[in-house]
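Colleague: I am new to this structure. Could we go through it together?
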Amino acid sequence: VIFPSNNLEADKAFWTKVLGVEPYFDQPYYVGFHVADCELGLDPNASQEGLTHPVAYWNVADAAAMAEKLKADGVEQVGATQDVGGGMHMARLKDASGNIFGVIDEQS
């Protein structure tokens, strides 16, 4: 799950305290925490992309291919599939109720 962050330092401090762990990734453009087998991320650019709520992602073998398959099934994609660095790609889509969800991969 990736949360939009309007104050990255305050949100990082909050989640560090709540989770009891330091972030494994800490950059001005993204802060990531490992929580069991899941990722909790903070994205300071999300509001500029029109996101105001957390977005849940599921891991897939190929985010671009999955986005294309879902679009062929009538799902609306929100923005383009993005290369987010480190071999990772993600795409955001909308479900039937308009909720945004995402797919993410670790292609190399």
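Colleague: To begin, what percentage of the 108 residues in the chain is buried?
Modeller: Please note that this is a predicted model. Buried residues account for 31% of the 108 residues in the chain.

Colleague: And how many helices and strands are there in the chain?
Modeller: The chain has two helices and eight strands. Starting at the N terminus, the order of elements is β-α-β-β-β-β-α-β-β-β.

Colleague: Which residues of helix H2 are buried?
Modeller: Helix H2 covers residues 63-72, and its buried residues are Ala63, Ala67 and Leu70. Viewed down the axis of H2, these buried residues fall within an arc of 65 degrees, so they line one face of the helix.

Colleague: Why would residues three or four places apart point the same way?
Modeller: An α-helix has 3.6 residues a turn, so residues at that spacing of three or four places point the same way.

Colleague: What do the buried residues of H2 pack against?
Modeller: They pack against four strands by name: S5 (56-59), S6 (76-85), S7 (88-94) and S8 (100-105).

Colleague: Turning to overall shape, what is the radius of gyration of the chain?
Modeller: The chain has 14 Å, which agrees with the value near 13 Å that a compact globule of 108 residues would have. The C-alpha trace spans about 40 × 30 × 20 Å along its principal axes.

Colleague: Finally, how far apart are the mean positions of the positive and negative charges?
Modeller: The chain has 6 positive and 16 negative charges, and their mean positions are 5 Å apart.

Definitions and conventions. Residues numbered from 1 in each chain as written. Predicted model: local features only at pLDDT ≥ 70, side-chain atom pairs only at ≥ 80, totals over all residues. Heavy atoms only, no water. Rg over C-alpha atoms; globule rule 2.2 N^0.38 Å. Buried < 20%, exposed > 50% of the residue type's maximum accessible area, 1.4 Å probe, protein only. Lys, Arg positive; Asp, Glu negative; His and termini not counted. Charge placed at Lys NZ, Arg CZ, Asp CG, Glu CD. Arc of directions from axis to C-beta. Contact = heavy atoms within 4.5 Å.
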